[in-house]
Amino acid sequence: TGLSMGGLATWQLVALYPGRFAAAAPICGWLSGVPLPADLNGQKIWGVHGTADDAVPYEDGLGAITAAKIAGADVKWDKVEGGGHDVWTRTYSRDDFWTWLTS
C-alpha cells in the first residue's frame with residue numbers, strides 16, 4: 001500500500017511485477033510512465049480516492065482502477081465523496097481494510 005506518490009509507486013510495482021504481491025492498495029494513486037500489463041490475472045487491488053482531492057485529481061485514480069479492471073484485476077474501489085487528499089487516515093482506521101489486505 002502507498003499514499004499519494006506512494007500510491008503511484010504501488011501502481012508501478014503492480015505493473016512491473018505482476019503476480020508478485022498478494023494484494024495492492026494504492027490510495028490517492030495514479031498511473032504514470034509504466035503501463036499495466038494486459039492481464040493482471042485476478043490481482044487483488046483496493047483503490048481509494050477522494051473526489052475533492054486537490055493534489056491528485058480523482059479522475060487520475062479512477063483511470064488507474066478502470067485500467068486494472070480491464071486487465072482482469074480483482075478490484076475494490078472506494079470513491080470518497082467530498083474527500084480530500086488525506087483519505088488514508090480514514091482508510092487505515094478501517095478493520096475491514098486490514099482484514100482484506102492480509103487475507
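1. Helices (H or I, at least four residues) and strands (E, at least two) are taken as DSSP runs and numbered from the N terminus. On this basis Leu 16 falls in helix H1, residues 5–16.

2. The model is predicted: local features need pLDDT of at least 70, side-chain atom pairs count only at pLDDT 80 or more, and totals for chains, interfaces and linings use all residues. Residues are numbered from 1 along each chain as its sequence is written, and side-chain values use heavy atoms, with hydrogens and water left out.

3. The protein chain holds 4 helices and 5 strands, in the sequence order β-α-β-β-β-α-β-α-α.

4. The C-alpha trace spans about 30 × 30 × 20 Å along its principal axes.

5. Of the 103 residues, 42% count as buried, meaning under 20% relative accessible area with a 1.4 Å probe, protein chains only.

6. Gln 43 lies in the loop between strand S3 (26–27) and strand S4 (44–50). Gln 43 counts as buried because its relative accessibility is 7%. A polar atom of the Gln 43 side chain lies 3.1 Å from the backbone oxygen of Phe 21. Beyond residues up to four places away in sequence, Gln 43 touches several residues, including Val 14, Gly 72 and Asp 74, where contact means heavy atoms within 4.5 Å.

Note on methods. Buried < 20%, exposed > 50% of the residue type's maximum accessible area, 1.4 Å probe, protein only. Polar contact = N/O pair within 3.5 Å; in protein donor to acceptor, adjacent residues only side chain to side chain.
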